[in-house]
Amino acid sequence: MSTEIHELPPALDHGVSADLYRQAILIRKVEQRLLSLFAEGKLFGTVHTCIGQEFTGVAVAEALRPGDLIFSNHRCHGHFLARTGDTDGLMAELMGRQTGVCGGRGGSQHLCKDGFFSNGIQGGIVPVAAGLAFAQKLHKRQNVSVVFIGDGTLGQGAVYEALNVASKWDLPLVIVCENNRYSQSTSQHQTLAGNIRDRFEAFGIRTWQGDTWHPADLILTAAEAINYARDESRPAFIQMDTYRLMAHSKGDDDRAADELKAFWAKDPLQVFETEQPESATAIGAEVSRVVEAAVAKADKAPFSCAVDVDENCPDCKPVHWAPTQNDETDRIVNRIHAGFQRNMRRDPRIVMIGEDIEGPYGGAFKVTKNLSLEFPGRVRNMQIAEGLIVGMGNGLALNGYLPVCEIMFGDFLALAGDQLINHASKFRYMYNEQVTVPLIVRTPMGGKRGYAATHSQSIEKHFMGMPGTIMLAIHHRYDPALVYDELFQSLDRPAIVIENKLLYGTRISDKVPTGFVLEHTRDRFPTTRIRPEGRADLTILCYGGMLPDVEKSLEALFEEHEIIAEVICPIQLYPLNPWPIIESVKASGKLLVVEEGLSFAGFSAETIAQIHESAPGVLKYVKRLASPRHPIPACGPLEKAVLPGVDLILAAALELTRHE
Amino acid sequence: MSESTPILIPQEIVNDETVTILQWKIPTGARVEAGQVLAELETSKTAFDFPAPMAGYVHYTLAVGAEPAIGSVLCHISDSAERPGGHDAPKIAAAPTNGHAKIHKEAAVETAIDVISIDHPAPDRTVEFGAARFSKKAAALVAQHNLDPALFDKRGLVREHDVQRLIGGPPADIAPLAPIVQTTAPARSVAAPVAAAGVPVRDEVLSRAKRTEIKYLASGTANSLTSIVSVSVPTRGLRAAVETLGPVGGNATAVILFESARLLKKYPLFNAYYDDGHAKLYEQVNIGLAVDAGKGLKVPVIRQADVKSIAQVSDEIGETVQAYLSDTLSVESLAGGTFTLTDLSGEGITYFHPLINRGQAAILGVGAEHFPPGSKEGVFNLILAFDHQLADGRMAGKFLGELSDRLTAYERAAGSPAPPAHSGAALRCSNCRRTISPTDKHNRFLVPVILPDGSDGRLCLICFDGWM
């Protein structure tokens with residue numbers, strides 16, 4: 001289906017100098033070469049070209065200073081070349097070579113070099129760019145953060161979350177919208193309500209507008225907007241009207257031929273070539289040599305190769321156990337607070353963002369109490385927007401800070417899913433270890449408080465096992481302040497910390513039931529073991545908020561049923577070290593895994609698989625106890641009856657130990 | 001790279017976590033043949049020669065005196081005299097069994113499970129389990145048999161079968177520890193009472209405790225053909241024992257109980273009960289100690305007295321008396337004991353007739369010191385009441401004679417000059433504090449051992465092997 005011609009390009013007043021032509025034609029020739037390389041089968045996946053839009057990147061790059069940052073999108077080659085000029089690095093990257101800017105790991109949409117980043121996710125990059133801008137502001141640098149979006153990106157809510165905070169917090173964030181009239185193949189007439197600038201102005205953001213058919217004017221406009229953001233520490237919006245002369249990607253162009261023809265006719269580069277053929281030919285030949293040289297170099301370079309990715313897994317064997325002694329007996333909530341307080345005193349890079357976390361309210365569960373008073377400006381209430389909170393955290397982490405994001409209820413982590421899955425966990429690897437993302441996302445999970453289906457879940461399994469991240473679950477047998485000490489001192493990747501709601505009021509204690517001893521491994525984030533003397537009849541594996549119930553079951557199993565169980569409770573859920581569990585199961589042969597979330601494709605399933613893979617045969621009988629396969633009911637007694645608790649653990653353990 | 005196999009330290013003694021390297025028989029780097037003694041190792045019980053499980057060149061770093069953990073690497077045997085570089089590489093032989101190191105070549109997948117057990121470090125010695133914790137069934141069984149919960153100290157979690165093991169097997173396999181003998185008569189003296197004619201009578205119900213006591217004693221008496229033998233023993237030995245042992249076990253009752261317990265292993269018919277033509281021999285020596293200091297007769301039981309040191313026995317008696325005086329004795333009947341000791345010396349009584357308790361075959365009475373006419377040397381009586389259905393007077397006499405000898409021997413031990421000990425100090429058994437007695441064939445040796453607290457000690461053969 002073809003679309004009608006809605007609007008022709010404005011009259012051309014290109015004002016293109018030889019120098020501007022050189023910058024733009026480099027971008028175009030690189031992309032044209034990419035298309036031919038694609039045809040030759042030398043590229044992987046697809047490419048999104050910006051042919052026709054080259055001057056957007058050129059205009060922005062003209063106004064930037066060292067230290068300014070750019071976050072670009074899937075159509076980023078032009079922005080990258082305009083800012084860095086690294087033809088060799090880009091060409092090699094797209095050809096999957098080790099000499100690429102990201103070692104061939106990132107590819108077309110995931111570039112990183114000297115403060116230039118790109119990611120192929122629409123919308124999510126804007127909160128990240130806002131985080132970069134927030135960091136610029138905290139650093140007290142006269143630097144801006146620029147984010148490139150397209151008019152298609154305007155459909156994403158994340159954009160507006162970021163606009164709000166950028167305006168409210170006076171962030172030096174420049175939003176550049178390349179308005180090329182199409183979201184992939186869909187005309188904006190079908191999807192865009194109102195007009196674009198009004199949206200930004202509604203947030204109190206000053207807007208500018210220019211187009212790529214007036215490149216000289218566009219450069220001036222961009223400079224004015226960027227200088228405003230820099231000088232006033234305010235967000236600025238630039239609408240850059242333009243037109244993509246080639247397909248969105250490959251073979252997905254069904255725009256009207258007439259429309260395309262009209263825009264091609266007004267293409268400033270073609271016009272320059274017509275008007276100044278000698279100059280254009282000379283520059284073109286020179287640029288072509290640069291491009292061909294880049295291709296030739298990349299062609300000789302080796303492909304990106306598998307490298308050992310440090311998975312931060314504790315050295316598995318042997319398992320060293322030490323008796324646990326907790327001098328602290330305070331409540332968990334106070335211990336987390338204490339951990340934050342002492343680390344924030346020590347390290348000014350730690351900043352906290354979240355909902356309702358400033359004092360005197362101090363968070364829904366009072367973890368942050370009066371930290372905002374002791375550390376002015378470093379503990380900030382944010383609007384209700386979990387995606388933004390974690391996105392800002394990502395930006396802060398990329399720009400030299402140690403952000404802690406509080407998600408008020410673990411259920412809301414789903415709203416931050418894009419930031420965790422497509423941003424936080426990806427940057428380090430796909431940018432070829434040029435960056436780390438020392439981000440802490442902490443959130444209370446769990447039920448039994450009558451909060452019902454959407455405020456009681458344990459949904460950590462959906463975020464467990466993202467390569468390049470760690471997931472921790474604190475509990476009352478190991479001081480959470482020590483967990484946070486370790487995190488703040490050695491964090492080099494996103495960490496999701498699960499804090500069970502019911503545990504907040506529980507006191508730290510090393511007094512385990514009589515007849516058992518408390519031990520932990522010597523890992524950074526230890527695994528706890530509650531061990532009877534001699535061989536146990538079964539091993540119970542659990543984490544976080546399930547531990548107190550498992551301990552109670554331990555007592556009942558012994559007192560009433562003559563069954564001795566050993567408990568293994570890791571803090572670090574991912575990457576998981578299965579060996580402390582294997583060691584126990586090797587003796588008992590029976591494993592009961594208790595988790596409060598769902599077991600299908602969850603922690604228990606994964607653990608059982610790992611044990612069986614790592615030590616075939618030790619596991620003789622297995623049982624999983626987890627959340628029921630329906631949402632959590634509001635009715636208190638019903639909720640308690642269906643969520644794993646002492647009674648269900650007992651029943652499961654008895655069933656398991658019936659096997660001989 | 002040469003092939004190098006780690007040699008692991010085998011488990012010789014179940015309770016040991018480490019061994020001590022006493023001596024290397026082969027210098028490091030030298031060649032050893034399979035079966036040739038590599039080292040002399042010492043466990044808490046014994047020293048043993050550790051043979052090389054394979055031929056090759058031995059490499060080790062552990063020095064004499066080191067205490068490596070069971071299952072850890074003692075040394076490597078390689079096919080080269082050159083010390084291999086990668087000793088830490090995870091090339092592990094399988095866990096040794098039956099005291100012999102089995103050698104497996106590296107086979108990552110197959111040995112994956114074995115690796116766990118080998119790499120598992122010895123449990124931390126500082127871990128203490130403290131007082132035992134009983135399951136409900138175990139607690140019921142303990143109460144039923146009047147067992148002292150302290151028996152299970154440091155045993156962690158105690159279940160029904162743990163208690164059954166202690167009292168001699170699962171319930172199906174054994175008779176009750178102290179069976180109640182069924183009599184058709186009511187639990188009192190067999191003959192019907194006959195009042196003195198013409199004398200008015202006031203009726204007083206006996207206390208519940210007293211009635212219980214009667215029931216048990218009557219049951220014991222009714223099932224027994226009781227006979228009594230007695231010997232007089234010079235008091236000097238006992239006095240010497242009290243003085244020598246001092247605060248460790250300086251308690252005459254403790255010394256007598258301690259010695260009786262060991263002797264009962266040799267005279268099992270006194271540690272038994274009679275049942276319809278059968279001698280039922282107890283496999284433990286649990287000595288009831290009759291106590292009556294004004295709060296009624298109670299017989300708390302010293303469990304497994306034959307394997308306890310004199311200090312332990314003395315401590316337990318002290319605790320028992322304290323508990324008696326403070327009315328906190330958990331054991332309130334005579335059941336549970338396999339033999340009884342009753343000491344009335346404190347009352348000045350020199351001779352009495354003790355009554356055999358239910359489910360037992362003998363009771364030993366201890367009388368007060370007295371001086372036979374014309375003698376300056378004090379003596380005291382040991383009185384053994386026993387069930388003639390099982391034993392006879394000659395055996396009872398031998399028992400008492402031997403017990404008398406043992407008690408008197410303390411004087412010899414105390415009075416004899418200190419043997420030429422290596423250390424210069426008198427060599428004593430670390431457990432019972434006996435010295436070497438040249439006259440006692442059982443006591444000619446003291447065996448060097450490592451005591452539970454890790455210090456060096458010596459055990460007499462009696463304490464080491466038990467009475468044979």
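Here is a short chat about a predicted model.

Biologist: Before we start, what should I know about numbering and confidence?
Modeller: Residues are numbered from 1 along each chain as its sequence is written, while chains are lettered from A and ligands numbered from 1 in the order written. Since the model is predicted, local features need pLDDT of at least 70 and side-chain atom pairs count only at pLDDT 80 or more, whereas totals for chains, interfaces and linings use all residues.

Biologist: Is A:Glu201 buried, partly exposed or exposed, and why?
Modeller: A:Glu201 sits in helix α8 (residues 196–201) of chain A; helices are DSSP runs of H or I with at least four residues, strands are E runs of at least two, and both are numbered from the N terminus. Buried means 20 or more other C-beta atoms, placed from the backbone, within 10 Å of a residue's own, exposed means 12 or fewer, and partly exposed lies in between. Because A:Glu201 has 13 C-beta neighbours inside 10 Å, the residue counts as partly exposed.

Biologist: In β12(B), which residue is the bridge partner of B:Asp275?
Modeller: Strands β11 (residues 272–275) and β12 (residues 278–281) of chain B run antiparallel, joined by four bridges; pairing takes at least two bridges found by DSSP. The two form a hairpin with two residues between them. The partner of B:Asp275 is B:His278.
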